[in-house]
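Thanks for coming. I will go through one structure this morning, starting with the chain and ending with the ligand. Please have a look at it first.

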Amino acid sequence: MSEWWKTAVVYQIYPRSFADADGDGIGDLPGITARLDHLAALGVDVLWLSPIYPSPQDDAGYDISDYQDVDPTFGSLADLDRLLFELHARGMKLVMDLVVNHTSDEHPWFAESRSGRASAKRDWYWWRPPRAGMREGDPGAEPTNWRSAFSGPAWELDPASGEYYLHIFSRKQPDLNWENPEVREAVYAMMRWWLDRGVDGFRMDVINFISKDPALPDAHDTGALFSGSEHYICGPRIHEFLAEMHREVLAGRDGLLTVGEMPGVTLEEARLFTDPARRELDMVFQFEHVQLDQGASKWELRPLQLTDLKASLGRWQAGLAEVGWNSLYWGNHDQPRAVSRFADDGEHRVRAAKMLATVLHMHRGTPYVYQGEELGMTNAPFAGVEDLRDIESLNHYAEAVAAGEDPEHVLASLRAMGRDNARTPMQWDGSPHAGFTTGTPWLGVNPNHVEINAEAARADPGSVFHHYRRLIELRHTLPVVAHGDFTMRMAHDERVYAFTRRLGDVELLVLGNFSGDPVVAKVPEVERWRAAELLVGDPGDDPLVLGPWEGRVLRA
Ligand code: TEU
């Protein structure tokens with residue numbers, strides 16, 4: 001059972017947007033359970049469920065007010081048990097989202113902490129007096145100059161006590177103080193409770209933020225997305241905390257999967273987190289490759305250079321070859337739609353979505369499919385800010401426009417990078433709300449659902465869906481896909497993504513054309529590859545000549 005996830009593929013569901021069974025316009029657990037055949041047909045091994053816990057929904061469920069229940073919007077604990085049972089019956093596992101860098105400000109722990117300076121749980125969060133020599137509420141009196149990831153300062157004043165609390169995300173997401181052993185024990189107890197219930201692991205939200213430098217020094221750079229992060233990204237006790245969590249919660253339980261979401265993690269740190277001998281995590285989500293088309297902030301767009309993408313992913317492949325393991329993703333609920341962002345969502349959409357999938361799934365690591373990616377779903381045509389729902393986008397728009405930026409310019413970056421792109425409802429069929437709901441969807445359905453939808457994709461053998469199915473099957477059946485070594489080829493080419501995988505006598509050549517023009521792949525050993533067997537992709541006249549956005553896998 002150990003390291004079973006090396007041959008596994010994970011499918012991420014964002015419950016708000018997957019399937020709505022009760023017609024309130026918001027997806028729910030019974031909706032998911034009713035659609036499990038879609039996952040089974042795809043052949044995925046694991047479902048990662050974004051948060052379904054009770055929440056004021058300030059950050060769409062990543063602000064949790066009770067870790068051990070289900071929000072009525074999504075159903076009940078009984079619905080969760082049912083989902084778990086149905087998944088297990090189909091041989092699939094369930095990984096829960098674990099959000100323990102922060103709670104909701106409506107969590108009873110925080111309510112108690114806020115009740116006064118003498119509260120027994122005061123020290124469960126980061127409370128600090130105003131900056132020395134200043135009065136609370138004065139501009140700049142926050143204890144540090146850190147900024148929140150969702151705009152504004154990372155500190156909120158509590159007028160009753162005259163102290164501020166730290167929130168790296170929204171003011172309704174106060175950061176837990178992991179220095180306090182009671183906090184850690186409470187989190188571990190909660191995790192054991194879920195595992196005892198039968199879940200198979202955790203995706204750990206911003207887990208590399210939990211150890212902060214207790215001195216809380218000022219940030220060097222207040223312009224960065226996570227300003228102050230040098231004092232909390234992979235902080236002083238992070239490895240100690242994760243090793244403790246492993247000991248207290250995970251050790252001795254078989255068949256689990258743990259993946260730590262880690263903005264700003266370096267390759268060197270990732271090696272430590274995922275080295276099996278250290279007993280911390282199975283794998284991490286790193287962010288390097290999803291920041292290559294951004295400037296200092298995620299709203300500053302810049303064109304992606306394919307050579308940068310190859311250099312980055314290639315470095316991670318090499319760096320985790322001997323020790324540790326990669327997770328592989330193009331998108332999730334925080335990222336724009338992959339085909340719109342990295343390829344072509346117009347004329348060549350189907351080919352481009354397949355090519356992206358081919359390239360990603362043939363890397364070494366565990367691939368993650370974000371709901372709708374297997375249909376080639378695209379970014380949404382948001383007309384204006386009134387079409388958006390995400391707190392990150394809405395706060396950024398308000399702040400940037402107030403600071404004098406051109407609203408159209410701000411909207412353009414929100415359209416490209418905004419998280420709502422990933423959150424438009426799953427497109428099941430061509431009916432008015434795409435088969436997602438019978439009510440009014442909480443976020444508009446993409447009008448292209450009349451064409452791009454699961455029903456159409458499953459009926460079409462040439463669809464993106466069937467292509468994903470084939471790639472997942474290859475990972476299950478061909479050992480070289482999961483276990484082979486990785487060598488980047490044509491590293492300096494701006495149009496072709498090329499690499500080889502090798503295990504024993506078997507070698508694969510993977511090619512992806514990241515351009516709208518036909519290209520010739522100038523790989524070594526041309527004659528050998530010309531004679532190779534085509535495993536994935538359309539046969540052309542010459543296996544080394546790729547049409548626009550075309551991908552191929554050859555086996556020699
Ligand atoms: O995301 C953390 C994170 O760093 C980002 O991807 C985040 O979306 C941020 O806005 C960067 O632009 C995790 C969750 O995946 C995200 O949905 C939550 O909003 C966040 O943590 C807070 O829990």
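Among contacts in the protein chain between residues at least 6 apart in sequence, what share joins residues at least 24 apart? The share is 69%, where contact means heavy atoms within 4.5 Å.

Some ground rules. This is a predicted model, in which local features need pLDDT of at least 70 and side-chain atom pairs count only at pLDDT 80 or more, while totals for chains, interfaces and linings use all residues. Residues are numbered from 1 along each chain as its sequence is written, and side-chain values use heavy atoms, with hydrogens and water left out.

Now the overall fold. The protein chain contains 17 helices and 18 strands; these are DSSP runs, H or I of at least four residues for helices and E of at least two for strands. The C-alpha trace spans about 75 × 50 × 45 Å along its principal axes. Of the 556 residues, 62% are buried, that is, under 20% relative accessible area with a 1.4 Å probe, protein chains only.

Next, the ligand. For Glu 392, a side-chain N or O atom is 2.4 Å from a ligand oxygen. A polar side-chain atom of Asp 59 sits 2.5 Å from an oxygen atom of the ligand, and for Arg 419 the corresponding distance is 2.8 Å. Polar contacts here are pairs of N or O atoms within 3.5 Å.

Notes
A polar contact is a pair of N or O atoms within 3.5 Å; within protein, one must be able to donate a hydrogen and the other to accept it, and residues adjacent in sequence count only if both atoms are side-chain atoms. Buried means under 20% relative accessible area, exposed over 50%, partly exposed in between (1.4 Å probe, protein chains only).
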